[in-house]
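Subject: Structure handover

Hello,

Here is the structure we spoke about. Please load it before reading the notes below it.

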Amino acid sequence: MASLFSTPTSTSYLFREKSSLYGPVLPLRSSDRKPRNLRSSGVFEISCRLSTRAKESSSSSPALNPDSLIKEPHKYFDQVVITVRSGDGGHGAVLNMPNQRPAKLPQGKVEKEKARRRGLLKRDFGGSLILPTGGHGGDVVIYSDEEEDTLLKFHNKGRYNAKRGGNVAAMGVLTSQLRDGLAAPTLRIAVPVGTVVKRKRGTLLHDLAQPGDEILVARGGQGGMSLVEMPERSKKKLMALTTNVMRDDSDKVLSLGQPGEEVTLELILRVVADVGLVGLPNAGKSTLLAATTLAKPDIAAYPFTTLMPNLGRLNGDPSLGAQMYTSEATLADLPGLIEGAHLGKGLGRNFLRHLRRTRLLVHVVDAAAEDPVNDYRTVKEELRMYNPDYLERPYIVVLNKIDIPKASERLPSLTEEIMRLGSDRPSPSDTTQPLLTEGENPDVPSLGVRSRDRKEKGIEDYPRPIAIVGVSVLKGINISEMLKEIRAALRMCRD
């Protein structure tokens, strides 16, 4: 049935010479195409073909497929490109001065008072007439909201348009009853806390790191002004009252509202957290987050259970008394890293951008694995290849699963080997942060001399961990000691 109403891909039409474009058009079927001399009869043939290339390309785009957002949300939750457009300004009006001699004189005191008020035009302190203007177009503001978690909703709707300003409601005559056009409301777009707003070409606009931060990304157009149209003999007299006198027809463009701005933006989410949990898959990061906070991440026995960062709030130190609430911290559980993540293996390493705001790293190592030291080296190597600054930050190593006899027996040897993988303290030249230029990706080191020096440094050249704690998160062994070390490291970072 659908084929009966489908548009043919190729059609021919007959046009008669010296006829209007909107004249009669005669479709020519394929059965009517007989060899004949069309030029002698004053008729020429045009062949048209409908292209379906645009339709096929739009349907095959994976970014617009809603099934991809449901099945693979970890690929789209932290980065998106949207287009916003502010509203156009409302139009003004071209007005005529009212007739000073009414056809019928008002009768009575009340009617005379009404006629007098209608005749009173709005003036400023200098005596000039105040003419109405069109409404201001709606602005577009992006603000951070604690209720938002991801950027997935922007993949379903990638364009946002603000409303235009209202026009001056006039019937062509200047009266005291005229009002300005209504200003359009501001379009406010909510994004998660920690979203970085950039232009599509990379210029950084703002970092919405705190709740309530906002930025004006597109300003609405100004409303058009109203003009007074008068005959030539009355223009000089009227120009003493107002400057908005239309001199010729070209001035009518001033009554049109200005168009709004259209901007293409790139939104990048960087999770706001104080402590970042890193490690191989199934090392126990999600279990540790669930044991120390009220978060409820997905926990299972297969790798890559965590596809997106999970956040949890760590309570303050009870030993501080009334100041315990000032020592609260946010923990971020990141997906597992594997060897070759920088080549795209596993879930890749793009989610490591969420470590940008952390002050402390916690390396969770499975002490019951075949080679825990090699697993520890693998994670540090992936961090070094992504951003060497991450290895300069204070960190703690948590050896998990010590309730297993195999892990508890080799705990002292593992602690000694991990302590050997690092230096006592970095030199001042190594800890100096390079300055980032505007538009440069802060997660990727620059390609200058500083980047070449960092690549020559090995894992052993970076600082040792602050502490190494053996715990069993599942059995609740040494949890209090681990929290004590984390809080002490956070106090050291604040100082």
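This is a predicted model: local features need pLDDT of at least 70, side-chain atom pairs count only at pLDDT 80 or more; totals for chains, interfaces and linings use all residues.

Residues are numbered from 1 along each chain as its sequence is written, and side-chain values use heavy atoms, with hydrogens and water left out.

Cores. A nonpolar core here is a set of buried Ala, Val, Leu, Ile, Met, Phe, Trp, Tyr and Cys residues joined through side-chain atoms within 4.5 Å. Buried means under 20% relative accessible area, exposed over 50%, and partly exposed in between (1.4 Å probe, protein chains only). The largest nonpolar core has 27 residues, and L352, L355, L383, V397 and L399 have the most contacts inside it. Two or more residues come from each of β17 (360-366), α7 (372-386), α8 (389-392), β18 (395-400) and α10 (411-420); helices (H or I, at least four residues) and strands (E, at least two) are DSSP runs, numbered from the N terminus. The most is given by α7, with 5 residues. Beyond four places in sequence, L352 is in contact (heavy atoms within 4.5 Å) with L334, L337, E382, L383, Y386 and Y390. Another core, of 23 residues, lies apart from the largest one and includes L289, V362, V398 and V469.

Rings. Y386 is buried at 10% relative accessibility, and Y390 is buried at 1%. R188 lies over the face of Y143, 4.5 Å from the ring centre; the criterion is NZ of Lys or CZ of Arg within 6 Å of the ring centre and within 35 degrees of the ring normal.

Helix α6 (residues 285-292). Its buried residues are K285, S286, L288, L289 and T292. These cover an arc of only 160° around the axis, which puts them on the same side of α6; the arc is that of the directions from the helix axis to the C-beta atoms. They pack against β14 (275-278), β15 (310-314), β16 (329-333), β17, β18 and α12.

Helix α12 (residues 479-494). Buried here are I479, M482, L483, I486, R487, A489 and L490. Seen down the axis, the buried residues of α12 fall within an arc of 160°, so they line one face of the helix. The face turned away from that buried side carries the exposed residues S480 and K484.

Regards
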